Amino acid sequence: MISVKTTFNLIASKSQCFIDLNSPESWRLIQRKNFTNLKILADFLALNFEQRKQLLDKPTFAINVPYRLAQKMTKGSLEDPLVKQFLPFKSEFENHNLFVQDPVGDEQCRRTAQLLHKYRGRVLLVCTSACAMHCRYCFRQNFSYQSHDKTFLKELDLIRQDSSIHEVILSGGDPLSLSNDILAKLFEELNGISHLKRIRFHTRFPIGIPERIDKGFLNIIENCPKQIFFVIHCNHPLELDEDIFERLKALHLRGCVLLNQSVLLKGVNDRIEVLEELCELLSDHGIIPYYLHQLDRVKGASHFELGEKEGAALIQELSKRLSGYAIPRYVREIAGEAHKTPIQLSF
């Protein structure tokens with residue numbers, strides 16, 4: 001067994017949390033904290049031989065799990081909700097005709113290699129292919145990231161020329177994979193576009209590497225005249241902790257609207273007690289439960305799917321237990337539609 005000490009010899013202490021993310025050494029430190037090797041991760045989780053036989057040695061979609069997230073996983077178990085989200089199971093190789101490479105129609109709405117225009121008044125900038133972690137159900141795991149350009153010149157020109165665009169969504173990959181220098185330059189350009197009113201982040205970074213929200217990034221946010229919406233992705237209350245809330249609170253104090261979106265996942269968050277705890281925990285810390293997504297049918301993720309009737313029943317039960325602001329909208333994305341499609345509830 002390979003020791004954790006050998007594998008992670010540069011774990012930052014809490015006193016080192018606010019690190020300079022423009023420093024290459026800082027990025028190397030963060031990357032070394034991620035598990036990218038299944039054997040090492042299985043050793044860390046103390047999985048036995050029979051459990052390892054259920055996993056994919058060479059998955060099509062690479063493994064990437066932050067160390068601090070792996071620490072929260074139950075050792076010696078494949079039933080842990082975090083294990084299920086991030087370890088590659090052999091069920092990923094099951095073939096289902098309804099599960100495809102591009103379930104949300106990203107490719108058909110590309111205006112450039114890095115700009116998607118699906119919905120009226122807003123565009124999505126695919127900032128990078130890099131993520132803090134690789135969720136096994138990621139709908140963009142097969143996306144053809146065709147450009148490594150970080151100047152976004154073509155994309156910015158198109159946004160400037162289209163006065164109907166009022167909002168830019170920064171996604172990827174994960175926009176927080178970009179350095180503060182690159183983000184500062186991007187924000188400078190976006191701030192200069194008068195018809196642009198809102199900037200939205202879609203990010204999983206705070207869940208796995210909350211220290212990414214450092215002083216430099218907070219300065220960028222603080223100096224932005226646009227309204228910023230900061231949307232995290234969290235599916236289970238075990239993903240959250242006080243360090244994460246502390247970082248997100250710093251964004252809230254700088255005027256960001258904090259939202260969360262979750263994906264309904266079989267065996268992960270398909271129990272009312274789990275969703276109730278998640279929504280209450282988020283609400284208690286000023287984070288609005290925004291969306292509960294029906295699973296996007298991406299190839300390899302069929303084992304995560306729960307029926308819409310079961311999902312609707314969960315939302316109905318949540319409505320009996322929680323305040324209205326704490327209940328997420330239950331939606332699915334249908335390729336080609338001009339908006340997210342609400343899933344009807346039979347009250």
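**Reading burial and salt bridges**

Student: Why does R52 count as partly exposed?

Tutor: Buried means under 20% relative accessible area, exposed over 50%, and partly exposed in between, with a 1.4 Å probe and protein chains only. R52 counts as partly exposed because its relative accessibility is 25%. The model is predicted: local features need pLDDT of at least 70 and side-chain atom pairs pLDDT 80 or more, whereas totals for chains, interfaces and linings use all residues. Residues are numbered from 1 along each chain as its sequence is written, and side-chain values use heavy atoms, leaving out hydrogens and water.

Student: With which residue does R52 form a salt bridge?

Tutor: A salt bridge is a side-chain nitrogen of Lys or Arg within 4 Å of a carboxyl oxygen of Asp or Glu. R52 pairs in this way with D43, their closest N and O atoms lying 2.8 Å apart. D43 is buried, as its relative accessible area is 6%.

Student: Which parts of the chain does the pair of R68 and D243 link?

Tutor: Helices are DSSP runs of H or I with at least four residues, strands runs of E with at least two, numbered from the N terminus. The salt bridge between R68 and D243 has an N to O distance of 3.9 Å. This pair joins helix 5 (residues 67-71), which holds R68, to helix 11 (residues 242-253), which holds D243, across 175 residues. R68 is buried at 15% relative accessible area, while D243 is partly exposed at 28%.

Student: How many salt bridges does the whole structure contain?

Tutor: The search finds 28. D106, K118, R140, E333 and K340 are linked in a network of such bridges.
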